[in-house]
Amino acid sequence: MSESDSLYIMSGAIRPHGKKRQPPISTGSLGQQNNLVTYFTQREEAIARGTRRTFSIDTPHRCAKCERISINAETFEIPEKFYLSEHLSDAVEMATAGCAFYEWLVDLLIPLPTEQEAEKPFLGASCSDIAFYIELNTRRKPNPYMLFLIYAELIAADGEYTSHSLNRGIPRVWTTEDNLAAPYVRHRPIELNKASQRTMRFIHDCLKTCKDTHVECRNMKEETENTEREIIPVSDLPTRLLHITPDGQSAKLVVTRDLSDTSQHDISHQGYVSLSYCWGGPQILRLTAHTFSEFTSGIRTDLLPQTLSDALHATLALGLAHIWIDSLCIFQDDPSDLELEIARMPLYYSANTVTISAESASTCTEGFLKRGFAEFAAGPFEVTFTTALGPGSIQLFQEPSEKSIAPISSRGWTFQESMLSRRMAAFSESQAIWCCNVASAGCGGISADITSDDKSLNMSRSSSTMATVLQYSFEDAWDMMVQEFMNRTLSVESDKLLAIGALASRMTDVALERKISRRYLAGLFVDTASIVSWARQLLWLVDPRTARRPHQYRAPSWSWAAVDGHWSHLHVFLPPPYHIRYYNFAFKVTGIDVEFNYPEAPYGSVKSAWLEVTGFARRINGTPRAKITFQPLSKTWLSKEERTVESALDGTLSDDGIFLLEIIPPYLARDTPSVGLILFDKHRSEIEMSRIGAYVFYFENDETGLQAYEEFYEGELEACRII
């Protein structure tokens, strides 16, 4: 039996399984019951205030009360129960005496505020007592998330008992490398020192393993000609790179096309790093026409902002000598260079060897190679682990259900940088984390091993690769990316389309690889021959509580890029039985025009754009006012009884200038809603209009509703241009 398959047996108060126990005597008195009620009431209040004690990896909890807990590593049989406490009153007594472990154990009986109110087991007439026990999880192969299980055993007055798994009490477990328990427990504590040799060795070894064994990570495309060795085409190299000296003391800017064939060959074979980070305000040092000569001569590392200096150090640890950093490799005073280089960002992140993500740094001066901190919901609790060589120890703990949001998660630009990367070495608040198209791993902790194919860490981290969303349909994948992008902010509001342009370029390639027709139009991906595709892309929403419009034009009103705020899709709000593809559409798009600021950058900023459409359009004052209510669409879907229209973002508008343009008509007469866009005719031309929202409207099932229904659809289809 291998070490990883070994079973872990508890030693101590072991009792064979059975149907009955001796009737309990410790909680039978009314006085003790009242004491328990008082204790649980106090703990409920403490939990609501979030005042549970937690500890650290270096100083875990261990006291005289929980020292008796011991796990025997030498008994490899199906484990029996190890009772942590025979009686509820005993556990409460130890918790009251200051033992944090037993305090946490008893707290597991208390429903959380988010859970449905449940009867307190110790107050139930059918429950005389409660015991706690722990055992090894033998129902599945060893699992880092469920190595041990904790149960509450509810005992009746006649001795009958039932066991209930305390799902909120599933502890995580790890031990240090030099501990006697190490051969039996695979996971190690988080390496909090992100500048340590262990951290640098971790990212280096992950890169080597990925390059040697992950064929899927050698090229982002689904079909690749060269899978034996990773070579970056010279044409895909960045226009400029920083070359770091072997001692890491300085770096100089190089223009790749001016390098010799040998130097270009070396970079294409050795690779380069790209940095993803938060600027956090104006850059102290940046590439301009004035600093170009200085940069090409060489920049001392100690003069760089700390985040950039740390990135150079990590690049050398990865075994690489070249890095691309936007502020130092793009001319910040040349709008043309900015636009063209941003258009090439898909190559700079998808073709690079690895992206370094400075997740924990909120500014370029903060740095990320510093000691981190680990968050715990409970523990760590140190427990004895007995081996043939003597007593060792392990740490039991719980992670918080929600972790703090990394600074990089709020920045718009960094989203596409992580999504486009096939490999990432991310430095979070607590540790270094690796993720790629195949696997993810952490430098310590309970994350998956780099040799596995577990991408679960990617889905829960601030940075993740595109492989996590490309498992879905094209439309769903793009919706997921837009939704995440709209939750982030940009320091320059006009960068909205620029900051997702590289991702849009990559998705165009995905469409070609999947052999589907999609056209990119200022943030929307549309099959222009499909009215269903048009409906899906045009019917988006922003949360009115977070919605705002930029001060200057940056996108047509029919694109989500024209507004800021939390984004969602209107098809989510429709009752589930009615899917968009079952509807017959009168709405049609008859003309399209998008003019870019730079024609050579079709995924960049937009100068102007319009759609020519036909469909049923009616003024708001032409629809009975009693049937329309202006309020936010805040529910996950609308019941048939509710009639709501999204709040207009432009404030109070004149009714006679507002039109409802139907995209999805009612299906089966008036049993389903009319769904469409709210347009504003600012110049009273009835030709050019702006989108100010979207609506879901049910007609009343009475004479008034029938009249409104007939009025809405009488006459000819209207034509207009949405700008």
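**Close-up views of a predicted model**

**View 1. Helix H9 and the elements around its buried residues.** Four residues of helix H9 (residues 335-343) are buried, namely Asp 337, Glu 339, Glu 341 and Ile 342. As you look around this predicted model, you will find that the cover over the buried residues of H9 includes strand E9 (240-244) and helix H10 (345-350). Helix H11 (412-420) and helix H14 (498-513) also belong to that cover.

**View 2. Thr 414 and its surroundings.** Here we turn to helix H11, where Thr 414 has its place. Thr 414 has a relative accessible area of 2%, so it is buried. A polar atom of the Thr 414 side chain lies 2.8 Å from the backbone oxygen of Ile 408. The backbone oxygen of Arg 411 is 2.9 Å from a polar atom of that side chain. Leaving aside residues up to four places away in sequence, Thr 414 touches Ser 276, Tyr 277, Ile 408 and Arg 488.

View 3. With sulfur atoms required to lie within 2.5 Å, the count of disulfides comes to zero. Cys 217 is in no disulfide, and its nearest cysteine sulfur, that of Cys 210, is 3.7 Å away. Cys 217 is buried, with a relative accessible area of 0%. Cys 435 is likewise in no disulfide; the nearest cysteine sulfur belongs to Cys 436, 7.2 Å away. With a relative accessible area of 0%, Cys 435 is buried.

How values were computed:
Residues numbered from 1 in each chain as written. Predicted model: local features only at pLDDT ≥ 70, side-chain atom pairs only at ≥ 80, totals over all residues. Heavy atoms only, no water. Buried < 20%, exposed > 50% of the residue type's maximum accessible area, 1.4 Å probe, protein only. Helix = DSSP H or I, 4+ residues; strand = E, 2+ residues; numbered from the N terminus. Contact = heavy atoms within 4.5 Å. Polar contact = N/O pair within 3.5 Å; in protein donor to acceptor, adjacent residues only side chain to side chain.
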